[in-house]
Amino acid sequence: MIDEPRPRTIVVRYEHEIDSLDRVASVLRRQRVRAEAFTAVASHDRATVQATIMFDSSDKTAARIIALLERQVGVLAVEDFTSEAKEQ
């Protein structure tokens with residue numbers, strides 16, 4: 001079975017620091033992933049930011065991207081909503 005690219009949706013929550021957005025975007029750039037949508041919204045107290053990222057990738061690439069994002073300085077959580085949307 002070939003690992004075909006399919007739509008993905010992940011949510012990244014990170015500290016609201018000056019270079020945090022660049023670190024998150026650089027993971028996608030280094031993995032040569034084209035984001036179909038990238039939305040970042042600051043929390044009410046401006047301490048954290050939640051970014052929703054939609055892109056097409058294989059299961060293997062998505063797992064690698066999630067692992068790389070989780071290791072970034074300032075990233076608090078990474079959630080993959082792809083599997084949840086698929087099951088409903």
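A crossing of two helices is called left-handed if the near helix is turned anticlockwise from the far one by less than a right angle, and right-handed if it is turned clockwise. The legends below use this term. The model is predicted, so that local features need pLDDT of at least 70 and side-chain atom pairs count only at pLDDT 80 or more, while totals for chains, interfaces and linings use all residues. Residues are numbered from 1 along each chain as its sequence is written, and side-chain values use heavy atoms, with hydrogens and water left out.

Figure 1. The chain holds three helices and four strands, where helices (H or I, at least four residues) and strands (E, at least two) are DSSP runs numbered from the N terminus. Along the sequence these elements follow the pattern β-α-β-β-α-β-α. The C-alpha atoms fill a box of roughly 45 × 30 × 20 Å, taken along the principal axes. The radius of gyration of the chain is 13 Å, which agrees with the value near 12 Å that a compact globule of 88 residues would have; this radius is taken over C-alpha atoms, and the globule rule is 2.2 Å times the number of residues to the power 0.38. Of the 88 residues, 34% are buried, where buried means under 20% relative accessible area, exposed over 50%, and partly exposed in between (1.4 Å probe, protein chains only).

**Figure 2. Helix α1 beside helix α2.** The axes of α1 (residues 20–30) and α2 (residues 59–70) come within 10 Å and cross at roughly 150°, which means that α1 is roughly antiparallel to α2. Here axes are lines fitted to C-alpha atoms, for helices over the stretch in contact, and angles run from 0 to 180 degrees between N-to-C directions; angles under 35 degrees count as roughly parallel, over 145 as roughly antiparallel, 65 to 115 as roughly perpendicular and the rest as oblique. The crossing of α1 past α2 is right-handed. In α1, the residues V24, V27 and L28 meet I65, L68 and L69 of α2, contact being heavy atoms within 4.5 Å. By class, this contact has six nonpolar, no polar and no charged residues, with Ala, Val, Leu, Ile, Met, Phe, Trp, Tyr, Cys and Pro counted as nonpolar, Asp, Glu, Lys and Arg as charged, and the others, Gly among them, as polar.

**Figure 3. The buried residues of α1 and what covers them.** Which residues of α1 are buried? They are S20, V24, S26, V27 and L28. Their cover includes the strands β1 (6–15), β2 (35–42), β3 (48–57) and β4 (75–80), together with helix α2.

Figure 4. Q31 lies in the loop between α1 and β2, and its relative accessible area of 22% makes it partly exposed. Not counting residues up to four places away in sequence, Q31 touches R64, I65 and L68. The C-alpha atoms of Q31 and L68 are separated by 9.7 Å, although these residues are 37 residues apart along the chain. R32 is found in the loop between α1 and β2 and, while not a glycine, has a positive phi of about 60°. R32 counts as exposed because its relative accessibility is 79%.

**Figure 5. R46 in the loop between β2 and β3.** R46 is placed in this loop, and although it is not a glycine, R46 has a positive phi of about 65°. With a relative accessibility of 57%, R46 counts as exposed.
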